[in-house]
Amino acid sequence: MGLALVHDDSFGQHDSRFPLDDLIQHFSFYKGIGAKTAQRLALETIMLSPEKVQLFANSLVETKKNIKFCSECFYLTLQEQCHICLDATRARDTVCVVSEPKDVLSIDQSKSYNGLFHVLGGVISPLDGMYPEALRFKELQDRLSKGVIKDVILALNPTVEGDTTSLYLQELLSRTSVNLFKLAQGIPIGSDVAYLDEVTIDRAFEGKQKL
Ligand SMILES: [Zn+2]
C-alpha cells in the first residue's frame, strides 16, 4: 500500500490551534482559574506519565459516576448518607444552612462548628431562574419537624441573593421553635463562604447572632 493511500483522521485537518487548547478550556471553566493558571494546569497535567493521566481520568469519570447527594443533608457522598451525617461525635441538634456543597467543605475545616449541615442547592435568584421551589426548603422543614434540631445557623453568602434567601428562611422558620442564627458580620460583602480562610470562618461562627 502506497503512502498516498494511508488514511488517518488526524491527517490533513490543518488544525492551527495550540494543541492544548481543548484541555486549557476545560480548566478555565473553574471559578477563580484565570487563563494563565488554566494554561499551567493543562501543561503540568500533560507532562505527567501516561499512567498518572489515566488514573486522573479514571478518578474523574468514576467519582462523577458514583457520587450522589446525601439523603439527609444533600452534601456529597458515595453512600446513602454522607460522612458528616454519619459522624456520631457531631452535635445533632445544630444545623448550618449553606447554598452549595463547596461551602460545607470550607466550614467543615472550621474548629468552631461541629454540627450538621443542610445544603439548599443554590440561593433565590429569580433572574437566574432560581425560585424557592427549586431549593431544598421543604426538605429542611421536614428535618426540623422531627424535633431534634434546636439551632439553625444561616451561612449564606453576603450577596443580594444570599440575603434574600436568609430573609426567606427567617420568614419560613418564624413559626417554628428553632433558634435561628446568622454568621457574625465581618465576612466581606459579596464574598463566597466557600473561599474564606479558616480564621474568618471561626470568627464568624464564634460571633454568630441570634435572629
Ligand atoms: Zn449528610
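**Exercise 1. Work out what share of the contacts with a separation of 6 or more comes from residues 24 or more positions apart.**

Step 1: Two residues are in contact if their C-beta atoms, placed from the backbone, lie within 7 Å.
Step 2: Residues 24 or more positions apart account for 57% of the chain's contacts with a separation of 6 or more.

A note before going on: this is a predicted model, in which local features need pLDDT of at least 70 and side-chain atom pairs count only at pLDDT 80 or more, while totals for chains, interfaces and linings use all residues. Residues are numbered from 1 along each chain as its sequence is written.

**Exercise 2. List the order of the elements, then explain why the chain is more spread out than a compact globule.**

Step 1: Count helices (H or I, at least four residues) and strands (E, at least two), which are DSSP runs numbered from the N terminus. The chain has seven helices and seven strands.
Step 2: Starting at the N terminus, the order is α-α-α-β-β-β-α-β-α-β-α-β-α-β.
Step 3: The radius of gyration, taken over C-alpha atoms, is compared with the globule rule, 2.2 Å times the number of residues to the power 0.38. The chain is more spread out than a compact globule because its radius of gyration is 23 Å, well over the 17 Å that the rule gives for 211 residues.
Step 4: The C-alpha trace spans about 85 × 35 × 35 Å along its principal axes.

**Exercise 3. Find the contacts of F117, leaving aside its neighbours within four places in sequence.**

Solution: F117 is in contact with C73, Y75, I84, V95, C96, V98 and V104.
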